Amino acid sequence: MTFAKEAWPFVVPFVVLAAGLFAFRQDAWGAAALVLAVGMLLFFRDPRRQFDGEAEIVLSAADGLVTRVDTVEDSAVGPGRFQRVVTFLSVFDVHVQRSPVEGEVIASGLTPGKKVAAFRHDADEVNELYLTVLRRADGDLVGVKQIAGLLARRVVCYLEAGQRVERGEHLGLIKLGSRVDVLVPESYEVLVKKGDRLKNGATPIARPGTPGRETADEG
C-alpha cells in the first residue's frame, strides 16, 4: 500500500510532537501522538486497484457509499441529460480518486463555495467543488465532481485540460470526508444502486447502452 503525498504535512507534526514528548519522558502522551500520526497516515492510504474488464466500462472514481442515482442536466459537463452516481465518503473511506474512464481532459476547474455537510442534496450547488470533464474516444462526455464537505477543507485535482488519462489513473484527493459525483450520458446503463459500496478504480458503475434500471432517489 502507498500513501498520497498530501499526507506528510498532516503526519509529520504528530511524529515531531511524539518525539518531543518521548524526549521529556511523557511516554503516554507520546504514544497518543504516534497513534494520531498513524491514523492520519491511514486516511491518506492509496491501495493498489486493478480492473481487467471491458474497456467501455465506467469505473467508480471514489470509495464510499452510493447515496443517490438520478438523471440531471448539467451544462458545465455538456449538453443533454446525464445519469449521476453520487458517492458519499466517510472519514474512514479511501479519499484518493481515480479517473473512471480513459480519455482527454477537456475541462478542469475549481468552483469556490461553502462547506456544508456533503450528504445534503444541495451540496453540489453550494459547496466548493472541482469539476473534471473527460471526453472518451467515441466523443461521450463523462464528468467527475469532487465536492468538499463539512470536514473536507480542500479539494485537490491532479489533472489539467488537454491531458490524456488512462482509466484508473489518479485523479485527485479530497481531505477529510466528502462526496464525489460521476455523470455519464443518459443513454448509459447504470450498474449500481443506492446503498451499494464502491471502490475507486475497481467497481464498474456504468456502461454505454440503454438504461437498464430505474433511478433511485436519496430520500
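Reply: Arginine 25 is exposed, because its relative accessible area is 73% and exposed means over 50%, buried under 20% and partly exposed in between, with a 1.4 Å probe and protein chains only. This is a predicted model, in which local features need pLDDT of at least 70 and side-chain atom pairs count only at pLDDT 80 or more, while totals for chains, interfaces and linings use all residues. Residues are numbered from 1 along each chain as its sequence is written, and side-chain values use heavy atoms, with hydrogens and water left out.

Arginine 25 lies in the loop between α1 and α2 (27-43), where helices are DSSP runs of H or I with at least four residues, strands are runs of E with at least two, and both are numbered from the N terminus. Although arginine 25 is not a glycine, it has a positive phi of about 60°.

Helix α1, on one side of that loop, covers residues 8-23 and includes tryptophan 8. Tryptophan 8 is partly exposed, with a relative accessible area of 42%, and together with Val12 and Val16 it makes a nonpolar surface patch of about 290 Å². Such a patch is made of residues with over 30% relative accessible area and no salt bridge, nonpolar side chains (Val, Leu, Ile, Met, Phe, Trp, Tyr) being joined within 5 Å and like charges within 9 Å; a salt bridge is a side-chain nitrogen of Lys or Arg within 4 Å of a carboxyl oxygen of Asp or Glu. The areas come from the Shrake-Rupley method with a 1.4 Å probe, and for residues only the protein chains shown count as cover.

Histidine 95, in the loop between β5 (81-89) and β6 (96-98), is buried, with a relative accessible area of 0%. Lysine 193, in the loop between β14 (189-190) and β15 (197-198), counts as partly exposed at 43% relative accessibility, and its C-alpha atom is separated by 18 Å from that of lysine 145, 48 residues apart along the chain.

As for the whole, the protein has three helices and 16 strands. Its radius of gyration is 19 Å, close to the 17 Å that the globule rule gives for 219 residues, so the protein is as compact as a globular protein of that length; the radius is taken over C-alpha atoms, and the rule is 2.2 Å times the number of residues to the power 0.38. Of the 219 residues, 49% count as buried.
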